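Look at the two chains below.

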Amino acid sequence: MYQYDKYDQSIVDARVDEFREQTARRISGALTEDQFKPLRLKNGLYLQLHAYMLRVAIPYGTMSGRQMRMLGHIARKYDRGYGHFTTRQNIQYNWIKLEEAPDILADLATVEMHAIQTSGESIRNLSSDQYAGAAADEVCDPRPWAELIRQATTFHPEFSYLPRKFKIAVTAAEEDRAAIRLHDIGLKLVKNDAGELGFEVYIGGGMGRTPFVAPLIRSFLPADNLFSYCAAALRVWNRWARRDNIHKQRIKILVHDLGTEEFTRQVEAEWQEILPLGTDVPRVELDRIAEYFAPPPFESELSDNVDRSDPDFAVWLDQNVAAHKAPGYAIVNISLKPIGGIPGDVSADQIELIADIAEQHSFDELRATHAQNIVLPHVRKDRLYAIWQVLRDAGLAEPNLDLISDIIACPGLDYCSLANARSIPVAQKIATRFADLGRQRELGELKLKISGCINACGHHHAGHIGILGVDRKGTENYQLLLGGSGAEDASLGSITGPGFSEDGVVDAIEKATNVYMRERAEGERFLDTYRRIGMAPFKEAIYG
Amino acid sequence: MAETNLRFRDDEPHEEPAVSIEAFLGQTNATAVRIEAGEDARLLLPYLDRLALIEIDFPRFRDGRGYSSASILREAGYTGELRASGDVLVDQILFMRRVGFDSFAPETPIDPHALERAFERFGYFYQAAADQAVPVWKLRHG
């Protein structure tokens, strides 16, 4: 994986120094809260209901054991012994003191990590495929381009006071594991007929209160022009986005207001202005970055056989372990969704244990996923059983990847000052209701996503089943959505009808799954059945 | 117009008051123009060689449209004074310098010590911009 050189380290160190000084000016009163707020947000520091929250960047979700161990250290030293992995492949800490925030950034910098641009109106941490470099279905590892974009968008002087936040995702596989079409810019690496690498460019997707699936803006962008094209889109948006209504300032609104054709015309015209300036990073630099992402030294002649005689292990193997491109290796998903637990939460002890496993068994590499789980990307199959035993003993072997209890949930009203309703207790109740593993596996792939407010951090629009918490006359109320997807078949869910109480929404979900069990055709997932038979039978079962 | 108290140019300050884009496009002899946030800086491109001062207003420091206006003007070869006015704060001036502003008329005074530290702090930048900084990728490859 990527390692800093003196330039990267110097920039991150300078940022720590800058934020330490800005924090001191805030504490002294030289900066007003209004002036300080965007500065702290650009360093990932939010003010929540009970304390500050710090969001730490895990660029494109990739980290080493040493970096993971530092995340545990921070949880223990500055927080309450745990952290929360987010839907942007980041980690956040919920009990931070302002005066300690600069020390945390300094600790992070010692392991080449930071919290730069993890919030605020900036270009956020890039997301990518958690199976990058390990997946059999990718044209190449997308992370060198992700790192290139990370650098190009870090402290970009023109694009640091944008109309709103801006999120970019990069993938290179047929299967979309990063929800690229629900990003401001979604990039998919492809090869053209001549065998050259380029990008499909999708612009204007997003969730929030006005969700859109991004339209295709360009079907083949030469890979070497990646940044200039992104810059053109950013400039068109920065210049012409609305600035009068915070809810209408995302690029998706501009794309929608102008129409895809006119927006595309403007971006292409701007690109023709920018292209001659030569701001694209040359291939030699991409090659330098790509060396860090060279495949690890996989051993050859390894057996693909795995002893399945332990039935509990066999279930985990079937559910949480994915195919690897190298013979004898596998991709291990560590579920952070124990039944009744808080989705994405992990203790310092668990963090350190996962770091140990990564160092010993996965070429010192880990991934955070947008579904709030952890991936060990390169594990020898003959070590799976031993690893499973260690994970199981630490409460990290819930075999529920992509099942109904593998729930994405935002922190909700338990922490977040924007939330209208709690997300965590709903997730816990649903997981508990469907705790029976045989039943979950019978229901099959079922992506359930919960947001505690309309900002949609819990991706409810993209859930096969989505839940949106709202405030109705002072009580928490939950709307149910069906039919969303964040994958390559991206779609937005539709609301079933009137909302429910916390227990009522769990009942409604159970009724919806009963309709699926009754109506499904051979090989159909919940989502497929919904798409085939439509909302009516579900509505009838839920409200009838 | 606020008083210009920060200037990073060697030439004499330009004293002519800046006119609006609309007024500028309607007459032929003005040499100083002011761009409000949301106005199109590209309208000035045919006239850059006779402009000595372009002032770009920041109604709120969080309104970043002026950074793109400045970039466009410098990319088009404008070499005259480029002034940021309005809600201009010390924590934004580094990036303003990078996109080509070389004078500042802040509504409230800037702490010179904080400004000095802001200019000295970052030794390297990832991107080429309108300043002289060499982007990191170029430093890496000579």
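This is a predicted model. Start with helix H3 of chain A, residues 65-78. It has 14 residues, and at 1.5 Å a residue these should span 20 Å. Several residues of H3(A) are buried, including Gly65(A), Met68(A), Leu71(A), Gly72(A) and Ala75(A). Gln67(A) and Arg69(A) are also among the buried residues of this helix.

Now turn to the sheet in chain A. Five strands form an open sheet in the order S6-S7-S8-S9-S10, with mixed pairing. Strands S6 (127-128) and S10 (216-222) of chain A stand at the edges. Each has a single partner strand, so one side of each is left without a neighbour in the sheet. Inside that order, S8 (residues 185-191) and S9 (residues 197-203) of chain A run antiparallel, joined by seven bridges. Leu189(A) stands opposite Phe199(A) in S9(A).

Chain B comes next. It holds five helices and six strands. From the N terminus they run β-β-α-β-β-α-β-α-β-α-α. The radius of gyration of chain B is 15 Å, close to the 14 Å that the globule rule gives for 142 residues, so the chain is as compact as a globular protein of that length. Buried residues make up 39% of chain B.

Finally, bring the chains together. In chain B, 28 residues are in contact with 33 residues of chain A. Helices H2 (65-75), H3 (90-98), H4 (112-121) and H5 (136-141) of chain B each supply at least two residues of the side that touches chain A. That side of chain B has 13 nonpolar, six polar and nine charged residues.

Definitions and conventions: Residues are numbered from 1 along each chain as its sequence is written. Chains are lettered from A and ligands numbered from 1 in the order in which they are written. This is a predicted model: local features need pLDDT of at least 70, side-chain atom pairs count only at pLDDT 80 or more; totals for chains, interfaces and linings use all residues. Two strands pair if DSSP finds at least two bridges between them. Helices (H or I, at least four residues) and strands (E, at least two) are DSSP runs, numbered from the N terminus. The expected span of a helix is 1.5 Å times one less than its number of residues. A residue is buried if 20 or more other C-beta atoms lie within 10 Å of its own, exposed if 12 or fewer, and partly exposed in between; C-beta atoms are placed from the backbone. Two residues are in contact if their C-beta atoms, placed from the backbone, lie within 7 Å. Ala, Val, Leu, Ile, Met, Phe, Trp, Tyr, Cys and Pro count as nonpolar, Asp, Glu, Lys and Arg as charged, and the others, Gly among them, as polar. The radius of gyration is taken over C-alpha atoms; the globule rule is 2.2 Å times the number of residues to the power 0.38.
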